[in-house]
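Please keep the sequence and the 3D view open while reading.

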Amino acid sequence: MGIETSKGYKQVTKWLKLSRKKPFRFQTDAWQYYAEGYCGLVNAPTGFGKTFSLFLAVVIEELNRTAEQTKTASKKKKKDTGLKLIWITPLRALAKDLARAMREVCMELELDWQVSVRNGDTTAAEKLKQKKQMPEVLIITPESMHLLLAQKDTAAHFHQLQCIVADEWHELMGSKRGVMAELAISRIRGIVQEKHPERLLRIWGISATIGNMEQALEVLVPYQEVLKVIIKADIEKKITIKSILPDHIDMLPWAGHLGHKLAHKLLPIIHKSKTTLIFTNTRGQAELWYQNLLVLDENLAGQIAIHHGSIDYELRNWIEDALHSGILKAVISTSSLDLGVDFKPVDTVVQIGSPKGVARFLQRAGRSGHSPHETSVIYFLPTHALELVEAAAIKEAAKTQQIESRDPIVMAFDTLIQYLVTLAVGDGFDDHKIYLEVKETHAFSELLPSEWGWIMQFISTGGDSLSAYTEFSKVLKKDGLWKVESRQIAMRHRLHIGTIVSDPMLKVKYLGGGYIGMVEESFISKMKPGNSFTLAGRVLEFIMVKEMTALVRRSKLKRAITPSWMGGRISLSANLGSILRKKYNETLDKNHEDEELDIILPLFERQAKVSHVPKSDEFLIELIHTKDGYHFFAYPFEGRQVHEVMAALIAYRLSRKTPISFSIAMNDYGFELLSEYPIPLDEENIKALFSPENLGEDIVGSINSTEMAKRKFRDIACISGLVFQGFPGKYTANKHLQSSAALFFNVFTDYDKHNLLLRQAYEEAFYQQIEEPRLLAALQRIQLSKIILIKAESYTPLCFPIKVDSLRENMSTEELGQRIERMTAEANQKMRPVHMKSRKKNDHHL
């Protein structure tokens, strides 16, 4: 039967009509499929009501159920209260926005439903209220779902549950938070089936466009017996992408990462827009841009703000409310405002620097024009000259919908161990039943009985190598169920459910009070009292660290080192690299309609004059001899992470033939090997150097895979509960975590070689950090390319950013600026007409 004839459907469409709205086809399709018992995935452009496609499906069913009893069946109504819908969301900002929208719908449809939020910002009083009486709709993060499962009598919460929705599923899927969601869904589904075998719990996801949509559905709903569907909206969201261009190419540096040279061109955009969201890739960049805009226009004081995950809840809350009400003229943000948040006044978005991926860029674009038929407007502000080519590449990728895939995480044993202890802290678990549930998830579909046996032994005794230590015997069997009896173990475990290990951010405050900004602990750990650093445009003298706060005073020095933030090391995606290579071809051929390529043409002409601009079917290598030594530059355009390993691989293969040592530098476009001695390279051995043969063996020989695995193991040790990270406000320092994890790593290596956590550390290092499959694909492509070997006389425009990146590690900002100016001047001086002759003599085509 069609849903259109139901009373709930008529009530909802009547309400929409009063608001002068009409449901889209994809929304009514979702309502129909939901009513028929399907699970699925909804994919639609930002601002077209993906939330309503599923929330209203649940509401319509409830309206149908209560249509005959409205205001008359109070007893029945009381019996039916309880959790009906769990809405999983990756971001706290998104949860608050969703709750506001859902409450409005319930109020206007006169549906007596409570909508609550449960995440790290939820007060203890609100959590207690939820424990006594669950709301009908609970908007929750994956971590808080696990905290819910760690409570006693959890099963009672889910007896009325009809549906679980995973919002922004593409964002969760490629992370361990996605694995947490998979595991929590599997347990809740099991609880519902135990209590109501006849009821089918429906599981739905909402996702932006990704390259592997079908796989995304299979990861979320891996169950074979259920009906599944992907609903794609046949609607095109209008997106206008504009580049903020320099008046001439010399306005932009050849290398850099802040983009302040074009800051004055951003001011008119901010002033003419209602509200502008300005996205940066790092928290530090956001801090610096905030200060820079205030320096350029002091009238913006009080009208602009910074938003990121390390800002206090109260301030974040105020900023989000101010965005809704239109009080703020601009907000500078990191990824904390990336997803799904509907801020109506926002009509303009600015991306500062390369977003490194098409999906991330389009996601951010969707924060503006967040209503149907409105156009999303996003500006791209390049931070250095070559990012103009990335701007052109992103435009083409957006136009042709070349969106990246998200690879799901599998066999994350640390997350599974944490989950099992979570269940043991709660009501306890039957290991046979939970094994079957876990096996049904995508993440652990390949889990072997022997591996499950190892995990059970690990959480109950600590495994072969830790069985002598009672603190690792966390779980014991009691009355047929595995439980945690120790209150201390239970308390410690609850504190770190959902642990995401990262470099902690330290607040920076003046000794006499006054908050300045934030830096990573790894940066501050290198500082000695009396050392100075710059932050938010000020030179600060470091005094001490106290309770996760770096205390400072104003420094008398005029220059100091600048903090680095690891977010600036995000790597270029594979498909954006492919389009980038294509755009390099089009620049010199002038076979394009991109204004960005017209602006950068003089730089490419310089590159062609002193070296070569590689075509799609070419692979460029530059050899340069300077007073620093002998430089080998290669340009695969595969992203920083792949280049880091490729550089180590080539250095290893070269050193096997001739004993020679290298220093290595890389960026998203290529890498540099620098040696004191001439590099033994000729036309014959280049393809052999870049051969995919014996790749696995050579990778192990070329990099310190044990050290990389040891670094990965630190995260794994924290997540699995091997290492305790400390109590709130008294967290263990990173170096102590590392040394504790390293101790376990060494013990397992020596005495427990079959330890699954040890295996996981090597696999994560190999597939996530080394990206071996992508490296292999790059080497195979190079084998099919024409090799262009150039012996240049000075740094070229293409190698310049790589060289600068290597210098940045050891120089202050001011020293680096002076060095860049000197290098640019030297390069320009050598880029005279004489080079057209030398090029013919020195380039070799294979």
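A residue counts as buried when its relative accessible area is under 20%, computed with a 1.4 Å probe on protein chains only. The model discussed here is predicted, and 16 aromatic pairs are found in it.

**A stacked pair within one helix**
- The rings of W454 and F458 form a stacked pair, because their planes meet at 15°, under the 30 degrees cut-off, with the ring centres 5.0 Å apart.
- Both residues belong to helix α18, which spans residues 449–461, and because they are 4 residues apart there, about one helical turn separates W454 from F458.
- W454 and F458 are both buried.

**An edge-to-face pair between two helices**
- F713 and F748 form an edge-to-face pair, because their ring planes stand at 80°, over the 60 degrees that this class requires, while the ring centres are 6.0 Å apart.
- Since F713 is located in helix α26 (residues 705–719) and F748 in helix α27 (residues 734–751), the pair ties together parts that lie 35 residues apart in sequence.
- By the accessibility criterion given above, F713 and F748 are both buried.

**Charges over rings**
- The ring of Y223 has the charged end of R189 over it, at 3.7 Å from the ring centre.
- The face of Y34 has R202 lying over it, at 4.0 Å from the centre of the ring.

Key. Residues numbered from 1 in each chain as written. Predicted model: local features only at pLDDT ≥ 70, side-chain atom pairs only at ≥ 80, totals over all residues. Heavy atoms only, no water. Phe/Tyr/Trp six-rings, centres within 6.5 Å; stacked < 30°, edge-to-face > 60°. Buried < 20%, exposed > 50% of the residue type's maximum accessible area, 1.4 Å probe, protein only. Lys NZ or Arg CZ within 6 Å of the ring centre and 35° of its normal.
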